[in-house]
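Please look over the sequence and the model first, and then follow the paragraphs below from one chain to the other.

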Amino acid sequence: MTIRSTTSALAVAIALLAAPVTAAPQSAPAPVAAVGQATPPVVALAPVTAGQASVRHHHHAKGDSLEGFNRVMFSIHQFLDRIFLRPVSMAYKKIVPKVVRTGIRHVFSNVGEPLVFANDLLQLKPKRAIRTLARFGVNSTIGIGGLLDVAKTSDFNLPHHDNSFGNTLGRYGVGPGPYIFLPLVGPNTLRDFGAGVGEGSVLPLTVGTPFDRAEYQAAQAGLTGIDLRAESDAELKALLGAAVDPYATLRSAFLQDRAATIAELRHGTKQTSSPLDDPLNDPGATEAVPAASASAGPAKPATDDLPADPAPPADEKSAAPSAPAQPSPAP
Amino acid sequence: MIFSLRYVVPMVALCSAVPLAAQATDPARAPVQTLNDGLLTIMKGGSALGTQGRIARIGPVVDQTFDIGLITRLSVGPDWVKVAPGDQATLVSAMRRMTVAQYASNFSTYGGESFSIDPRVETRGTDKLVRTTLSAPKGDAVPIGYRLRQSGGKWKIVDVYYKNAISQLATRRADFASVFAKGGAKALIAHLDDLAAKGGR
């Protein structure tokens with residue numbers, strides 16, 4: 001039921017992740033990495049303390065130094081989304097015919113292609129840049145000012161790809177900076193937010209009218225925002241509907257996605273930061289020792305054959321974002 | 001003689017290539033195949049099966065293909081060892097229920113989707129990475145990766161990667177971290193129960 005025809009593959013995929021996913025990458029494992037470090041679990045002998053391991057936790061998660069602020073903004077966003085953004089978006093989707101909605105989406109996307117082109121160039125991807133330029137040319141002419149995505153068809157085979165100045169900065173080593181969530185703007189990082197603001201002023205400054213007109217900018221922001229909200233409704237539901245802490249879930253998914261995109265630009269493929277980099281040490285495996293002495297005896301390690309130590313070698317290899325696990329080998 | 005050999009040799013090679021390839025199939029692919037088959041079944045069953053019907057179908061598949069226990073431990077993190085055994089068991093069953101319910105509600109319709117599994121399986125230490133692609137007649141193909149680890153002699157899924165980028169486990173850890181840090185296992189269990197109640201509506 002969540003799966004709608006257009007977005008079905010995406011929705012299904014997200015669903016696959018069962019919950020967690022809409023957008024994100026590898027910096028998130030960072031908090032996780034703490035897991036790996038939890039070496040001294042001998043303490044566990046007293047499982048009694050269980051229920052309230054209430055460690056006072058005024059900390060923010062890794063990569064989210066503005067967490068307090070962000071959470072407030074997120075609540076405001078959720079409220080606005082409930083009373084305004086989502087209803088309007090769903091109405092838009094229901095009332096406006098699909099051809100019109102995709103046409104509008106294409107026009108605004110087409111207007112952005114020169115910026116994609118510029119970033120392709122800045123990232124020293126000439127082939128990509130040429131394809132982007134060709135795509136822009138085809139769609140602006142045959143595609144009637146971008147209304148139709150002719151370039152995507154098999155005749156041309158020039159599908160859209162995303163690119164941004166945030167990607168370019170990341171490509172050259174600028175870190176993401178703190179995570180920032182703003183109402184109606186959504187998840188971001190300082191780098192991407194700043195880059196986005198800068199990029200947003202390129203067309204107004206270079207081309208001028210109509211891009212420098214407030215009416216145009218409002219229409220663009222409103223229409224693309226509402227359209228995006230409507231199109232990602234199923235995904236958002238799948239992601240956040242199953243979350244204990246929707247704020248953290250969205251942040252994690254977003255940051256993982258961004259980190260993967262940047263890693264791909266920097267190293268050629270996402271695979272350089274292989275998902276296998278994070279060793280995933282089983283916290284329960286360490287526990288097997290105390291537990292065994294407590295009761296189950298030798299049986300425990302045997303049945304519970306989830307190796308605890310598989311990972312240390314792997315984690316030395318990880319030059320990648322999931323690297324935070326590295327400190328752990330020491331103990 | 002020579003003439004016929006020219007044909008026979010390649011033919012033999014061709015014939016033997018097939019079983020060879022089959023033999024070379026990585027054992028870690030099997031559970032992923034099982035899961036994909038199960039998902040297609042409930043998608044095609046759709047509303048005829050109903051939510052409960054889909055849960056009933058996919059539940060055993062999840063049990064067979066996922067290491068829910070390990071996933072739960074990793075989702076909670078190192079503090080797992082401080083959780084009372086009773087709460088540990090509750091968390092694991094909550095995680096299972098949630099996983100099954102999510103598959104059942106998210107894979108509820110069929111629009112011609114298909115899964116393919118990349119024959120190349122990456123291995124690192126104890127773990128394997130099986131890459132798959134979800135394709136639909138409309139929309140872009142979506143890469144989905146599965147990380148597997150052996151448990152009791154069987155390969156079990158311990159993490160799922162959407163677009164080869166977003167780790168379900170990493171996301172879940174982030175999801176749990178704050179609630180667990182503030183309220184411990186009990187608070188987490190309460191939240192999960194709430195979610196289950198909502199999902200069952």
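Among contacts in chain B between residues at least 6 apart in sequence, what percentage join residues at least 24 apart? The share is 57%, where two residues are in contact if their C-beta atoms, placed from the backbone, lie within 7 Å. This is a predicted model, in which local features need pLDDT of at least 70 and side-chain atom pairs count only at pLDDT 80 or more, while totals for chains, interfaces and linings use all residues. Residues are numbered from 1 along each chain as its sequence is written, and chains are lettered from A and ligands numbered from 1 in the order in which they are written.

Chain B has five helices and six strands, where helices (H or I, at least four residues) and strands (E, at least two) are DSSP runs numbered from the N terminus. Read from the N terminus, the elements of chain B follow the order α-α-α-α-β-β-β-β-β-β-α. Of its 201 residues, 48% count as buried; a residue is buried if 20 or more other C-beta atoms lie within 10 Å of its own, exposed if 12 or fewer, and partly exposed in between, with C-beta atoms placed from the backbone.

Helix α3 (residues 68–76) of chain B is mostly covered, for nine of its nine residues are buried, including B:Ile68, B:Leu70 and B:Arg73. After α3(B) comes B:Gly77, which has a positive phi near 95°.

If residues up to four places away in sequence are not counted, B:Ile58 touches B:Gly38, B:Ile42, B:Val100, B:Tyr103 and B:Ala104.

Chain A, with 331 residues of which 42% are buried, holds 14 helices and two strands. Its mean pLDDT is 74, and 66% of its residues reach 70 or more, pLDDT being the predictor's confidence in each residue, from 0 to 100. Over residues 1–57 of chain A the pLDDT stays under 50, and over residues 287–331 of chain A the pLDDT is also below 50.

How do two helices of chain A meet? Helix α3 (residues 67–95) of chain A and helix α9 (residues 214–231) of chain A pack at an angle of about 85°, with their axes 8 Å apart. That makes α3(A) roughly perpendicular to α9(A), a description that applies to angles of 65 to 115 degrees, whereas those under 35 count as roughly parallel, those over 145 as roughly antiparallel and the rest as oblique. Residues of α3(A), among them A:Leu85 and A:Tyr92, meet A:Ile226, A:Arg229 and A:Ala230 in α9(A).

A:Ser140 is found in helix α5 (residues 126–141) of chain A, and this residue counts as partly exposed because it has 18 C-beta neighbours inside 10 Å. Leaving aside neighbours within four places in sequence, A:Ser140 is in contact with A:Asn110, A:Gly145 and A:Gly146.

Notes:
Axes fitted to C-alpha atoms, helices over the stretch in contact; angles between N-to-C directions.
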